[in-house]
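I opened the model to look up its salt bridges. My notes follow.

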Amino acid sequence: MTASDLSKQDRAGRPFPVSWDQFHRDCRALTWRLNEVGPFKAVIAITRGGLVPAAIVARELGIRVIDTVCIASYDHDKQGSLQLLKPIAADIVALGEGTGKGVLIVDDLVDTGATARVVRDMMPAAHFATVYAKPLGRPLVDTFITEVSQDTWIYFPWDLGLSFQPPMKDGAG
């Protein structure tokens, strides 16, 4: 993330950059909470943001059955209409007898809740977990680690490159 990126984001919301190290710790903290709720028969990652946390959670919980539900809602930094690109596999739906019971859904973030609502409708009894939650989407998830304000923009580590960060005294956030 460059100073220019932060400057643009400051106009649109509060920047919250997350390092790989921090994200991994947050995913392990999420797993610790989920360990008390399970066991789970399968993990469903909401792509693309849920892929990394779902892999970490599945590894930590020893779950080998992993699927994805692919829903497009963002074009880089603009939220648009939802598009179901790939549904949950029939054999995973069958695990929860069509309700999601015993299935864990994982995403990186719940924002407005629009994507979460679509997936909740698909599997209403599944346990929904995110690493981060914003107030509008928070009621739709069962477990999360960190709540951030609605106007926060999280910069995930897979979206960042290493670059020079100017000192705060020079106007950097």
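**Charged pairs**

Buried is under 20% relative accessible area, exposed is over 50%, and partly exposed lies in between (1.4 Å probe, protein chains only).

This is a predicted model; local features need pLDDT of at least 70, side-chain atom pairs count only at pLDDT 80 or more, and totals for chains, interfaces and linings use all residues. Residues are numbered from 1 along each chain as its sequence is written, and side-chain values use heavy atoms, leaving out hydrogens and water.

I then looked for the partner of Lys134. Its side chain meets that of Asp111 in a salt bridge (3.5 Å, N to O). My cut-off for a salt bridge is a side-chain nitrogen of Lys or Arg within 4 Å of a carboxyl oxygen of Asp or Glu. Asp111 lies in the loop between strand S5 (103-110) and helix H5 (114-122), and Lys134 in the loop between strand S6 (127-133) and strand S7 (146-147), so the pair ties together parts 23 residues apart in sequence. Helices (H or I, at least four residues) and strands (E, at least two) are DSSP runs, numbered from the N terminus. Asp111 is buried too, at 12%.

Next I checked Arg120. It forms a salt bridge with Asp142, with the closest N and O atoms 2.8 Å apart. Arg120 lies in helix H5 and Asp142 in the loop between S6 and S7. Arg120 counts as buried at 15%, whereas Asp142 is partly exposed at 41%.

I searched the whole structure and got 8 salt bridges. Arg28, Arg59 and Glu60 are linked in a network of them.
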